[in-house]
Amino acid sequence: MAEPHVLELRIHGIANSPPAQMLCVKEDHVERVTGDEYGSFWVASEQSDAPEQVRVEAYSWGNLARSGGSALAVIGRAFVHLGWLFVLPFGLCNLAYWARRNIPGEERASRWWDGGPGAIGVRMFALLQTLFYVAAFMSVSVDLIAMQCLDDQTPCAALPSWFDTFARLEALPRAALFSTVPILLIVLIYLIGLRARGSFDPNTDLPDTTSSTSAGDDEKPRNTGRWLRGDRPEQSEFPPLLASKGFWRRSKVAQATERSHLAASISLVLLLLAWDAWIGDSGSGSEWDPAAWFAFDRGGEPVAFIAVVAATALLAGSVGITAVSGLTHTHWSFRSKRAWATVALIASTLAYLAWLVWAFLPSSASIPDDGRAQGLIITPGVIATICALIAVASLTWGCGWQRWIAWILLTGAFTVVIVAEVWQAEHGPVWRAGWSWAAVALTGTAVAAGYLLRSRSTKLERKRLGWHGNGAAVALLVALFTSLVITSLMVVGAHAWLAASAESPKITGHQRELPKPRNGDLLDAPDFYERFAVVLLAVLIILILLAATAAGTALRRFARYTVPTLAAEPGPQPSPDRNRAGTDGPGPGYPTTLDEHDEKDRKVVSARRVASLAHRGEPMLRWLAILTAVALVPLTVPLFGEQLQMSSAWASASGLANWALGLLALAAVAWVVSNAATSTERPLGLVWDIICFFPRAGHPFTPPCYAERTVPELQERIGDWLHAEGGDHRRIILSAHSMGGTLAVATLFAMHAAEHEDAGHQDACRAVALRDEDHPDTRRMALLTYGVQLRAYFSRFFPEVFGAQVLGVPGTLGPSLLGLDPWKKQVVQEWADRHQEAPEPEEPPSLTELLGADPRVSRAPRWRSLWRRTDYLGFPVSGYRTEDNPIDRGATERSPRTYLWTVARHNGYLETAQYAAARRELLDRFAADAAAEPHHYVI
């Protein structure tokens, strides 16, 4: 038997298929070649159904995205999983960084600022997310427990009896003592992500491209940008981001930003504590009376004022370090940034420790008599307001001069809100209402600037981008919504628990009399979170109605969708597979109603309808972002929130919302604990597959990026195979399912980057312009994908990373929420335009060009992709039309693994006849390419 000279390397997707399933053999017929429990290569001990010249290997990476706390006991793992849940908004913020347009890649002359338009905004949003958690943790530990539950030595009944000891302390030392809890929790969240990073470092022999320059925060390769003016794609002589040298090995967020976040958290805790002592010492209480704050001649203690000034300076310094963390190494070295961040962290820690010592010393300072932490009343609203304004400003990122207009308008809106609150007592309610409405008007004008002031020539191109090119805004708003939900569940749930009574109900006759909460009249829930509970209830109701309407539209009838034709492995007995109950073209009235159908047709059509429901997730996220933006108005403008609370329906809505939110909090904790007890995977394991693909660039506490390990490992395995003895005759087929397709594409671009780097060209422009014939490695590689989301999702949501011009395929319009076929517009357009072309090629080549495509001679790329209509996560990568489609091939909708007739969905591609046929196409292409070489061989 001849030695195999083609390696078929299979990469699983979000389903986290085990190696035996990827190799289509039994569990006891696989063996690990190399790797560990997180990432490993496997081979079958018995040859599978692949041709003799093909060696099949499986690469397993799923545990990298899903492991969490596996070595801990159940209780410890439950806390770790809760920590992962709190990290979720940070990961969404990181997605916003990569969803932006005009992200620089590699360039010869570094700029003053690095990261492109919006990079600083994302970093500020990330820091505010951290501070938002600090405020929420303090709302529970300081406001609810230290200031209210333990006030007047009447601890809440829900607290353990040993808390009575703390009730004997004065309010100031009690608040200082319990303020350590938020700091410890933030450190714990940081350590959870830090602990997992050790498993994400690849054990490869690839050269470290960061050695030439000190890689620091966002110290990544740079270019002049792909989106140079507005949204119009321009040709660029610089490589795509995925082909940038060191993209997966050069840190985008490093220790400087991590330390600045920790320093800012400690500074905020100190500021809130000192603020309460300061205004309490001045005798102004919760009133906005600046004259009273500086009345030291009344016998007040200036230590609190000094602490406020110091904390404000430290917080501002931490914010500044976070903002300039993207400053290029040329202008500010990474070592210097790290040193200043360390100074800020040490100074914040020492100032906070000094406050703790002073709080326990005899002092004339006091806390306001109303038993509330006054700083925590306004802080969550202020942080949420700034986050919302950054999200709105992101509508104009990458749009030229419009973004400056948006920033001016939004800064004015924030200033107006502050002015209306500070001087409300002096100018009356009319003044306050006018300024509040002015703030809303300015924000609305900024939104209009983001949508209406763009060039009309880019309208069609924006339609081919996720959320019309506003992916960063949607990601930021969803991240903010997630933070609001998590913190509100925690604060409102803690309030419900602390206000509960420990007494048993009295039974009179056959009736039970429920006792009143012991602290129900004393324990006040923080206004911000209580308002959000009502707003969240309204948002959930609207989303449920939208989802029900979309489901009703999709499920009201059986429809004939366009389906791809099927190809089979050539042989004496052709495969009987066919796609049932479909249509070859969109015809009049598409999609047409399926009036007559048998039992199998009904199963297939039902599966297609269910799959189409999942395809409507994009418009549902858009509505979630819109509703979040609208819901923030009563939360960020105090006047509107107060008017809402004064309405007649507020009491009943608030009671229902608090009850519902408390129930959701208990359910969330129970779900996380049960998941920790029965599994070692993180909660929402599928979500982490998407979030953890991109490098950490927005939030430093984001979960580690598994692609930083998987791509180098795949790259090394490919290099070992191609450069082994007889390597000139060796070939590789990357076989990737679902999310594995993104890893395969990233690996191909990484191979391309390594090739022109190894070529040793001094001229960067010449080096990046190398074409297929100049690349001995990528020329010997092919790509076989199935059930992937490359064009439908990734190219539209992340245009600079996976855009249509990067993949070299035609763009696609987005799905509709209420259409019978959510992709109807795209399907109809493709059949109307039979010669739909891919975007203009760029320098260096796109993915299809790397894989041998040449439109000048109608040469197709070495890329085949399988898809089916019943797949809820699988889409074509070139088009829905089968005719003249160089890449896409149909896959049977019948499951090949079952004896009884069942419908195939997102899995079950490997054992189909269409997979074998697509592989044969690529093998024939290898043979044809080899035949054109001077020393060719036949595959």
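Q: How many bridges join strand S11 to strand S12, and do they run parallel or antiparallel?
A: Strand S11 (residues 731-737) and strand S12 (residues 781-786) run parallel and are joined by six bridges. Helices (H or I, at least four residues) and strands (E, at least two) are DSSP runs, numbered from the N terminus. Two strands pair if DSSP finds at least two bridges between them.

Q: Which residue stands opposite Ile732?
A: That is Met781 in S12.

Q: Before I go on, what sort of model is this?
A: This is a predicted model, where local features need pLDDT of at least 70 and side-chain atom pairs count only at pLDDT 80 or more, while totals for chains, interfaces and linings use all residues. Residues are numbered from 1 along each chain as its sequence is written, and side-chain values use heavy atoms, with hydrogens and water left out.

Q: Back to the sheet. What is the strand order?
A: The order is S2-S3-S4-S1-S11-S12-S13-S14, in an open sheet of eight strands with mixed pairing. Strand S2 (30-35) and S14 are the edge strands, each pairing on one side only. On average, neighbouring strands of this sheet are turned by 25° against each other, direction ignored.

Q: Which strands does H23 touch?
A: H23 packs on the sheet and touches strand S1 (6-11), strand S3 (40-44), strand S4 (54-60), S11 and S12. Its direction makes about 165° with that of S1. Contact here means heavy atoms within 4.5 Å. Axes are lines fitted to C-alpha atoms, for helices over the stretch in contact, and angles run from 0 to 180 degrees between N-to-C directions.

Q: And what does H31 lie across?
A: H31 lies across S1, S4, S11, S12, strand S13 (863-867) and S14, and runs at about 165° to S12.

Q: Changing topic: how many salt bridges are there?
A: The count comes to 20 salt bridges, taking a side-chain nitrogen of Lys or Arg within 4 Å of a carboxyl oxygen of Asp or Glu.

Q: Let's take Arg608 and Glu893. What is the N to O distance in their salt bridge?
A: It is 2.6 Å between the side chains of Arg608 and Glu893. This pair links distant parts of the chain, 285 residues apart: Arg608 is in helix H18 (residues 599-614), and Glu893 is in the loop between strand S14 (888-890) and helix H31 (913-931). Arg608 and Glu893 are both buried, meaning under 20% relative accessible area, whereas exposed is over 50% and partly exposed is in between (1.4 Å probe, protein chains only).

Q: Where do Arg709 and Glu713 lie?
A: Both lie in helix H23 (residues 707-722), four residues apart, about one turn of the helix.

Q: Which residue does Arg791 form a salt bridge with?
A: Its partner is Glu830, with the closest N and O atoms 3.3 Å apart. The two are 39 residues apart and link distant parts of the chain, Arg791 in helix H26 (residues 790-797) and Glu830 in helix H29 (residues 824-832).

Q: Why does Arg791 count as buried?
A: Because its relative accessibility is 2%. Glu830 counts as buried as well, at 2% relative accessibility.

Q: OK, cysteines. How many disulfides does the structure hold?
A: The structure holds one disulfide, a pair of cysteine sulfur atoms within 2.5 Å. Cys149 and Cys156 form it, with their sulfur atoms 1.8 Å apart. The link is left-handed, with -90° about the S-S bond, and both cysteines are buried.

Q: Last one: what is the mean pLDDT?
A: The mean is 79, and 77% of the residues reach 70 or more; pLDDT is the predictor's confidence in each residue, from 0 to 100. Over residues 107-112 the pLDDT is below 50, and over residues 218-236 it stays under 50. Where pLDDT is low, the predicted coordinates should not be read in detail.
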